[in-house]
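I set out to record what I looked up in this structure, entry by entry. The sequence and model come first.

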Amino acid sequence: MKNRETWDRQRGVIRSRKGGWFAGKGAFSHGYSILEELVGEASYFQMLTLNVLGVLPERRLADWLEAVHICLSWPDPRIWCNQIGALAGTARASVVAATSAGVLAADSTMYGSRPLLDGVAFIQQALRDHQDGLSAAEIVQREVQKHRGKVRITGYARPLASGDERIPPMEQLTTRLGFEHGPHLTLAYAIEEVLRLDYKESMNINGYVSAFLSDQGFNAEQIYRLFAMVVMSGVTACYVDTLERPAETFLPLRCDDIDYQGPPPRDVP
Amino acid sequence: MTEPTDQHRVERRADRFTERAATRIWHEEPAADNPYLAVAARCHGYELSQLMQRCSFPQVLFLLFRGELPDVRQTQLLERLMIGLINPGPRHPATRAAMNAGVGKTDASHVLPIALMVLGGGHLGAAEVEPSMRFLRKAVDRPPQQVAVELMAQYEELPGDPDRHLVAGFGRRFGSADVLAAGIADELIAIAGVGSVLAWGRDFAAQLREHQMGWLATGVAAAAFCDLGFMPRAAAGLFQLLCAPGLLAHGVELANKPVTALPWISDDDYVIEDEK
C-alpha cells in the first residue's frame, strides 16, 4: 500500500493557514490579533476580505465592496432567493434557516454570486485578447457569433430588464474613493460602447464589478468567495415580512392554481 | 436620487411569464367547500392512498421521477441501491457535519440540511454524480479497456492530491481502490438483467485495478441511475436523498450527548502555518 502518508500526517492535527483561537492568548487571523489590532480599527468588509482572501485591503476598497453589496440585495420577494426567504417566513422556519436557504439559492448560474465567475473570466480573457491585438468590436463580434447573433456575454445584457441603474451610483463612489479606471474597466466600457451602438445593450452590475475588481488584482475564484453572502440582507428582510403575517398567507395557492398536465386518474395495478 | 444616464436607463424586457406553475407529477383535488384544501392527491394519475396500500417506497420514488411504476427488476435495483447508499459512514465529511451539528445542539431541523450541503461537494458527493452519469452515458458504447487506457494516459499523479479522481465516479479513496463501493456495485449487478451501464462500470473498474483505482460510491450511484433511466439533472439530489438517512441518524445520535462527546483538537495539535 502506497502513499498513506498524506492522511497519516493529518490525523489528529489541524494545520491552518488562516489563524485560530487560543484560550488566554487571543484570536488571530493571518497574523493579526483580531481583538487587539482589528476590532474598532478595521471595517467588517476589511475583516471579511482578510479572512477570506488573507489580505487586509485598504479601507476604501472595503467600503467599495460594502457599497456594491448594498446594490445587490433588495427586499423584493419576487427575486428568487428573496422569495425563498418569504416562503420560509410563511412556513415559520427560523431566520437562520431562511437566510441560509436564500443565500444558497443565489449560488446560481442565472443570478447571485456564481455568475461573477463567468463575468471575471470573460473580462480577464478579453483583456488578454485585447493586449494581443483584438479590438473591443472584434471581441464582441466573436462572442456574438458564438451564440448565433445574440448577446450572451456575462456582465452585459442584464436579464429581465435592459440597462442597469446600479452602475451610476457605483461609478460616483468609485470616483469619490479615488480609484482610477484600470485596463479591465477601460476595456469593459469600450465593449459596452460597441454593444450599445450595435445591439442596444449595456454593461450590467456584474460586468462592472468583474472589471473593477479585476483591476484590483483579484481573480474570479477570489471574487466569488468574497460575494458568497451577497444576497443575505434582502432575503432576511423578505423573511421577516412574511413571518410577521399569518402563516401560509404569502402568495397562497388554491389547488387549481397549479396547472396539472400529467396523466388522468388511473388505478394502481 | 441618481438620474440614470441614457445607457443605464432601465426598461423591463418583454419576457412572458406563465400565469400558473405547471406540473406533470402531482394533482391535488380541491374540496367542494374550500378550494385551498386538497381532499385527494394523485401522483402521475395514481391516487395516493392506493399507492400507500399497494406499492413499496422505492416504487413510488421511481414513479415520481420517471412517471411510471417500475418493473420488478427496476424496483429491486432501486431498493438495493437505497440500502447500499443509506449511510456514507461516520467518517464521511457530510456525516461528520451532521455529527458536529448534533453535538453542537444545532436546531434539530437544520441537522439534515447541513449534512446535505456538505454532501453536495464534488469529491465523493452529489456534485460528482451528474458528471459521472454523463461520462458513463458517453463511454458505455466503447470498450472499457480502451477508455481506461485513454484516461490513464491523460492522468497526472499529483503528490499533493493523491486521491484526485481519474474521472467522475472512479478513482482512489485514501490511495486505494474503494472495496466497499465495489461491493455495493456487485450486489446491484447480481440482479439478473439489471442494466448495461452497471456492467460496463464493473468492467471499467476492473481495468483500473492495477492502478489501485476503481468504483467510487458516486460512480456506483451514477451507473445505477443510468440503468434506472433517471435524468442526470436529478442525480445530485437523488444521491443526497439516498444518503440522507445515515447522515441524519448519526447527527441525531450525537444530539443528546454532551459537547465533549466529540474530540476537541488541543492547542498543541493546532498548527498555524504560512499565516501571512
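The model is predicted: local features need pLDDT of at least 70 and side-chain atom pairs count only at pLDDT 80 or more, while totals for chains, interfaces and linings use all residues. Residues are numbered from 1 along each chain as its sequence is written, chains are lettered from A and ligands numbered from 1 in the order in which they are written, and side-chain values use heavy atoms, with hydrogens and water left out.

I then checked burial (under 20% relative accessible area, 1.4 Å probe, protein chains only). In α11 (residues 205-215) of chain A, 10 of the 11 residues are buried, among them Tyr208(A) and Phe212(A). I found these buried residues packing (heavy atoms within 4.5 Å) against α4, α7, α9, α10 and α12 of chain A. At the helix start, I noted a side-chain oxygen of Asn204(A) within 3.0 Å of the backbone nitrogen of Asn206(A).

Arg173(B) is buried but has no salt bridge (side-chain nitrogen of Lys or Arg within 4 Å of a carboxyl oxygen of Asp or Glu). I found Asp178(B), the nearest side chain of opposite charge, 4.4 Å away. Leaving aside residues up to four places away in sequence, I listed the contacts of Arg173(B), including His92(B), Leu124(B) and Leu216(B).

Terms used:
Buried means under 20% relative accessible area, exposed over 50%, partly exposed in between (1.4 Å probe, protein chains only). Helices (H or I, at least four residues) and strands (E, at least two) are DSSP runs, numbered from the N terminus. A polar contact is a pair of N or O atoms within 3.5 Å; within protein, one must be able to donate a hydrogen and the other to accept it, and residues adjacent in sequence count only if both atoms are side-chain atoms. Lys and Arg count as positive and Asp and Glu as negative; His and the chain ends are not counted.
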